[in-house]
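Here's a quick briefing to read alongside the model. Have a look at the sequence and the fold first, then we'll walk through a few spots.

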Amino acid sequence: MAGHEFFEPADRKRPVADPTAAEPLAAEEPRHSCDPAFKHGVVVGFDGSTSSERALAYAIGMAHRSGSGLIIVHVANRLPTTVWAGCEPPVFVDVPDHRTEVLGLELACADYLAEVPWILVERGGDICHELEEVGREYEADAIVVGSTHGIVGRIFGSVAGRLAKRAQRPVVVIP
């Protein structure tokens, strides 16, 4: 379900920082490794839709003009599955998404990406959270997304609108 955040159980033990330690505790969540060549690049959300293709075109120009790299992010689907035994709450399962591989092959063959260095990052989960997380990891200068059209965006809120409200860096929404 897009827009919902799931927190860890309160009874999970978390490490406590040692005040005498030389270094503070690292982040609790494992950080994905990122290529330092793409630090301060432009993050763009891409799913192959028309609006994401327009966002990609704008992001390519933005990265080219600023002399930075392009971080193309595809967020794979997560589907809720109900665990019937014991009336457990829904569990989200990462569904194998071969769409990222297909998109990667299409992007690798695209001539218009030849003018900027780029990488394709696959994530799973909430689109807004994952785009902002990738932006944070790469210390991105901006996040570019396409606008959402249709009734789903009106009912649940568009990715662009939710991202613009919560992001800690500039968000460019391409119509």
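In which helix is Ser66 found? Ser66 sits in helix α1, which covers residues 50–66. Helices (H or I, at least four residues) and strands (E, at least two) are DSSP runs, numbered from the N terminus. A heads-up: this is a predicted model, where local features need pLDDT of at least 70, side-chain atom pairs count only at pLDDT 80 or more, and totals for chains, interfaces and linings use all residues. Residues are numbered from 1 along each chain as its sequence is written, and side-chain values use heavy atoms, with hydrogens and water left out.

**Around Ser66**
- Ser66 counts as partly exposed because its relative accessibility is 46%; buried means under 20% relative accessible area, exposed over 50%, and partly exposed in between (1.4 Å probe, protein chains only).

**Strand β6**
- Strand β6 (residues 142–146) has 5 of its 5 residues buried, so it is largely enclosed by the rest of the structure.
- In a regular strand, side chains alternate between the two faces of the sheet.
- In β6, Ala142, Val144 and Gly146 are buried on one side, and Ile143 and Val145 are buried on the other.
- β6 runs parallel to β1 (residues 42–45), joined by 3 bridges, and parallel to β7 (residues 171–174), joined by 4 bridges. Two strands pair if DSSP finds at least two bridges between them.
- Val43 stands opposite Ile143, while Val144 stands opposite Val172.

- Ser147 lies in the loop between β6 and α4 (151–156), and counts as buried because its relative accessibility is 16%.
- Leaving aside neighbours within four places in sequence, Ser147 is in contact (heavy atoms within 4.5 Å) with Ser51, Val173, Ile174 and Pro175.

**Nonpolar cores**
- The largest nonpolar core has 18 residues, and Val43, Ile71 and Val73 have the most contacts inside it. Such a core is a set of buried Ala, Val, Leu, Ile, Met, Phe, Trp, Tyr and Cys residues joined through side-chain atoms within 4.5 Å.
- Apart from this core lies another, of 17 residues, including Ile72 and Leu107.
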